[in-house]
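These are my notes on the model, in numbered points. Please read them with the structure open.

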Amino acid sequence: MSQDIYVVIEHLQGQVSDISYTMLAGARELSQATGGKVIAVLLGHNAKDLAEDFAADQILYLDHELLAEFTSDAYQKALADLISKDQPRAVLFGNTSIGADVASVLSMRLGLPLVSSCRSFTEEGKFVSQICGGKIMAEGELPSPIALVTMAPGGYQPDQGRSVDSPPVTESTVPALEALRVTLSKYIEPESTDVDISKEPLLIAVGRGIQNKDNIELADALAQAIGGVVCGSRPVIDQGWLSTSRLVGKSGKQVKLKIYFAMGISGAPEHTEAITQSDTIIAVNTDPKAPIFDIAKYGIQMDLFELVEVLTEHLKAKV
Amino acid sequence: MARSFAAIIKELQADLVLTGVQAHNDLDGSAGPLLAECLQSPYVGYVSSAAINDGKSVIRKEYPGGLLAEMEVTLPAVLGIQAAEQPPRYVAVSKVRQAMKASSIEEMDASDFDPSGAPAVGRMFQPEATAHAEMIEGSPEEVSAKLVDLFKELGVL
């Protein structure tokens, strides 16, 4: 049993994800309350080079050819073995496509409590999680003696978890990984025929508030008038109103642009986490309490349909 | 909940169990993977397409940036579904009524709830927004004029 905080590093196709650095920053804060070390846990194959900028006290590296790419089954087996042996105070996972496939399963397998969607830790080491789409925070004591935690972005900046001098890497043993029930066949890259919205300087983003497919034309006309491109949040993509390549959000693209003009987007965490790096966010929403107004620089409380055509005309007249 | 479902699904001997990835409200995302572990089945979440082939399910899992991973999952399995290949559509009321007449709903006893493993929440509160947008007020005409000025200021016009 130790007071150490383990951070399961997420990486895909040779790139360490931002959430890994966010978690290292959170682990640092938590370790100050528990008095333990921050330990980055890297699983992979010939992937030691990825451990070059982790703000951790130690790096544990688990190398196995079946850990070369993420699969839930292999990660669960390797991590169940490590957690049982080392008994750290807490293990942090991303609340992501990778972390979510592993953390809950380990919670049941090892009989350990799980804290979900944690955004930050208090000075006393309590967890603060977001619930109700980020509108309410839930705070509690970190369960003892070992807690599993999935972390959402927003509480810490990824740069807080980066360091120029990474600590030494210690190799850890990997258990037998036979009879895996999940195997990776291949990756399928997104189609590149469409515009790459992550490279656009100005996006007109539409959410559920756009109501139907025909109304996308209104957003298109506005985008053309100002020289931008239309993108959407998850509900718009799932309805087939815009193609997947236009999805901005947790499972879509992260954007860092000059202007993000959001219409009818409430600002659920899984969307906003992908846009906070933008220079200027302008939001149009009928709900004055919509969370999008907390991250936007400028807000307009109005029905988007009252505004969009008038604004398009104004832009056409001025350009 | 996962334990209760598992008790019933074990009896039904299902080859494939589909759950959502996470609820809109709490974004917890635990029901699918907890259920899978109760059933000793593999779990893959964020799935946007699934097919059955020769005792295995061939699935596509979503990663950020539009990247997909094609994976093979041995059955029986639990999959967390993120999206469908086709958008969901409304079912005509007449079809719903037809189904209500033709099919029956079988009730099964849930086992005793065992909520162990969930962390205790000490307090809940509304997040204090560190900042709030500067609101642009006025009629649609006035707001549009102000936005045009703003776009010029930001150098996009």
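1. Gln13(B) is exposed, because its relative accessibility is 66% and the cut-off for that class is over 50%. This is a predicted model, and the residue deserves a look for its backbone: Gln13(B) has a positive phi of about 50° without being a glycine. Its position is the loop of chain B that runs between α1 (2-12) and β1 (16-20).

2. Ala179(A) sits in the loop between β11 (169-171) and β12 (182-188) of chain A. With a relative accessibility of 62%, Ala179(A) also falls in the exposed class, since that class begins over 50%.

3. In chain A the bond from Ser144(A) to Pro145(A) is cis, and its omega is near -10°. Pro145(A) belongs to the loop between β9 (136-140) and β10 (147-151) of chain A. In chain B the cis bond leads from Leu75(B) to Pro76(B), with omega near -5°. Pro76(B) is in the loop that separates β4 (68-74) from β5 (77-81) of chain B.

4. Which side chain makes a polar contact with the side chain of Ser104(A)? The partner is Ser30(B), at 3.2 Å, so the pair meets the limit of 3.5 Å. Ser104(A) lies in helix α3 (residues 99-110) of chain A. Its relative accessible area is 3%, and Ser104(A) is therefore buried, the limit being under 20%. Apart from neighbours within four places in sequence, Ser104(A) touches Leu114(A) in its own chain and Gly29(B), Ser30(B), Pro33(B) and Leu34(B) in chain B.

5. Is Ser278(A) buried or exposed? Ser278(A) is buried, because its relative accessibility is 9%. Ser278(A) is placed in the loop between α6 (269-272) and β16 (280-285) of chain A. A polar atom of the Ser278(A) side chain lies 2.9 Å from the backbone oxygen of Ile275(A). Once neighbours within four places in sequence are set aside, the contacts of Ser278(A) are Val255(A), Lys256(A), Leu257(A) and Tyr260(A).

6. On the domains of chain A: the chain is divided into domain 1 (5-171) and domain 2 (197-318). Eight residues of domain 1 of chain A and seven residues of domain 2 of chain A take part in the contact. The C-alpha centres of domain 1 of chain A and domain 2 of chain A are 32 Å apart. Between them, domain 1 of chain A and domain 2 of chain A bury about 490 Å², and carbon and sulfur atoms account for 55% of that area. Of the area that domain 1 of chain A buries against domain 2 of chain A, 57% comes from Gly133(A), Lys135(A) and Pro153(A), more than from any other three residues.

7. How many salt bridges cross the interface of domain 1 of chain A and domain 2 of chain A? The rule finds zero salt bridges there. On the side of domain 1 of chain A that touches domain 2 of chain A, the residues divide into one nonpolar, six polar and one charged.

Definitions and conventions
Residues numbered from 1 in each chain as written. Chains lettered and ligands numbered in written order. Predicted model: local features only at pLDDT ≥ 70, side-chain atom pairs only at ≥ 80, totals over all residues. Heavy atoms only, no water. Helix = DSSP H or I, 4+ residues; strand = E, 2+ residues; numbered from the N terminus. Buried < 20%, exposed > 50% of the residue type's maximum accessible area, 1.4 Å probe, protein only. Polar contact = N/O pair within 3.5 Å; in protein donor to acceptor, adjacent residues only side chain to side chain. Contact = heavy atoms within 4.5 Å. Domains from an automatic or database assignment. Buried area = accessible area lost by both parts, 1.4 Å probe. Salt bridge = Lys/Arg side-chain N within 4 Å of Asp/Glu carboxyl O. Nonpolar A, V, L, I, M, F, W, Y, C, P; charged D, E, K, R; others polar.
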